[in-house]
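Biologist: I'd like to learn how to read a structure like this. Could you walk me through it?

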Amino acid sequence: MKVLVIPSNRADCLETFCQRWQAVKDWDELIVVWDGPESERPSVPEAASVLSWDTIERDLGDDAWIVSRKNAGIRIAGYLEAARRGAAVIATIDDDCYPAGDAFMRSHLDALLQTPRWVTSAMNMTARGVPYRNLGQLQSVHVNAGLWRTVGDYDAPHSLVLGVD
């Protein structure tokens, strides 16, 4: 099962996200992690599950402190929920990211299966997190950080040279 996790604290962005992705949706379940209290949580009919601060507290009890609030790190609660649901693949994007093609999940997974080594971004720059050594073969992929289509996620040296954040 393929699950997409979306963190959000903006009801309007979440609604636009669901509208724009409706025709492209190629995942089995959507999990939304609402970065706010249950009382402010919007209805998201497309989602298999919508978590909130209250849900995290209830589900994790004394361990709830590990999930950050008021930042995109709250998506970790969605990863846990996806794993509990039996997800074989968990992907995540932000609530203001919209389709740039027909098959988000399929094209991403195809690229992972066809790429036997670390790669640089489409803009021919080394992305944050790519090692400077050992650019050879990958043994297996457990976590993959994708890249923006037109916005570089540069490593520190490129950020300094190019003057970008």
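Biologist: Which side chain does the side chain of Arg-75 make a polar contact with?

Modeller: A polar contact is a pair of N or O atoms within 3.5 Å; within protein, one must be able to donate a hydrogen and the other to accept it, and residues adjacent in sequence count only if both atoms are side-chain atoms. Here the partner of Arg-75 is the side chain of Thr-92, at 2.5 Å. This is a predicted model, where local features need pLDDT of at least 70, side-chain atom pairs count only at pLDDT 80 or more, and totals for chains, interfaces and linings use all residues. Residues are numbered from 1 along each chain as its sequence is written, and side-chain values use heavy atoms, leaving out hydrogens and water.

Biologist: Is Arg-75 buried or exposed?

Modeller: Buried means under 20% relative accessible area, exposed over 50%, and partly exposed in between (1.4 Å probe, protein chains only). Arg-75 has 12% relative accessibility, so it counts as buried.

Biologist: And how many disulfides does a search of the whole structure find?

Modeller: A disulfide is a pair of cysteine sulfur atoms within 2.5 Å. The search finds zero. As for cysteines, Cys-18 is buried at 8% relative accessible area, and Cys-97 is buried at 12%.

Biologist: What pLDDT does the chain average?

Modeller: pLDDT is the predictor's confidence in each residue, from 0 to 100. The chain averages 84, and 75% of the residues score at least 70.
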